[in-house]
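Have the side chains on display as you read along.

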Amino acid sequence: KNKPLLVLIFLITSILITLFLKPFYNSVSILIFILAFLTYGFKLKFSFNKTLILPIILYLIMALTLFWTTNFELSLFGLKKESVFLFLPLTFLFLPKLNSRKVYKIIRLYSFSVIIFAFYCFIKAIVNYSIYKTKDVFLFHNLVTLDLNAIYIASFSSLSLFYFIILKNKKKIKRMILITN
């Protein structure tokens, strides 16, 4: 029905899913999302979201540091690396407001991708355990990769954990309602 919006929702989901991959893949997802927004976004009705101004202001403050930095090239490199704080909120500023069904669908797809990533890490750890015979392969950065910080992975995974807890409780509440009726 609304193909441009469906494409953008798919790309939002891909941005979330690629958080678990090497940063290159996430950057490519973000770039494709921005390009798709520039292609399709103007065909959508948009709703301006004021809270998205905050990351843009943060980026502009970071850009101001170029005036007093002692290493201009390194600071410029850092700004390029953090440009997601500028470009992603700019695109989201002009997206139409997503209804709860669409947000739920994005979170659901993301949550199941976390399960797939967890199985991948666990299988990789089992293989590494059979090779190196150390339990350390099941812990922290050995479980994920050095490219991804274990703390970030835990933080990103918490959203899916909450999704599955809510899903489980929702099913219990539905069963209780059916029993009482």
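pLDDT is the predictor's confidence in each residue, on a scale from 0 to 100. This is a predicted model, in which local features need pLDDT of at least 70 and side-chain atom pairs count only at pLDDT 80 or more, while totals for chains, interfaces and linings use all residues. Residues are numbered from 1 along each chain as its sequence is written, and side-chain values use heavy atoms, with hydrogens and water left out.

The protein has an average pLDDT of 85, and 93% of the residues reach at least 70. Helices here are DSSP runs of H or I with at least four residues, numbered from the N terminus. Confidence is highest in helix α3 (residues 53–64), with a mean of 92, and lowest in helix α8 (residues 150–180), with a mean of 77.

Now to the rings: the structure contains eleven aromatic pairs. Rings of Phe, Tyr and Trp (its six-membered ring) pair if their centres lie within 6.5 Å; planes under 30 degrees apart are stacked, over 60 edge-to-face, and the rest tilted. Phe24 and Tyr25 make an edge-to-face pair, with 5.4 Å between centres and 75 degrees between planes. Phe33 and Phe92 are stacked, because their planes meet at 25 degrees, with the centres 5.2 Å apart. This pair links distant parts of the chain, 59 residues apart: Phe33 belongs to helix α2 (residues 23–40) and Phe92 to helix α5 (residues 84–93).

The table gives relative accessible area (buried under 20%, exposed over 50%, partly exposed in between; 1.4 Å probe, protein chains only).

| Residue | Relative accessibility | Class |
|---|---|---|
| Phe24 | 58% | exposed |
| Tyr25 | 44% | partly exposed |
| Phe33 | 0% | buried |
| Phe92 | 26% | partly exposed |

Finally, a cluster joined by ring pairs takes in Phe20, Tyr110, Phe117, Tyr120 and Phe156.

Methods: Helix = DSSP H or I, 4+ residues; strand = E, 2+ residues; numbered from the N terminus.
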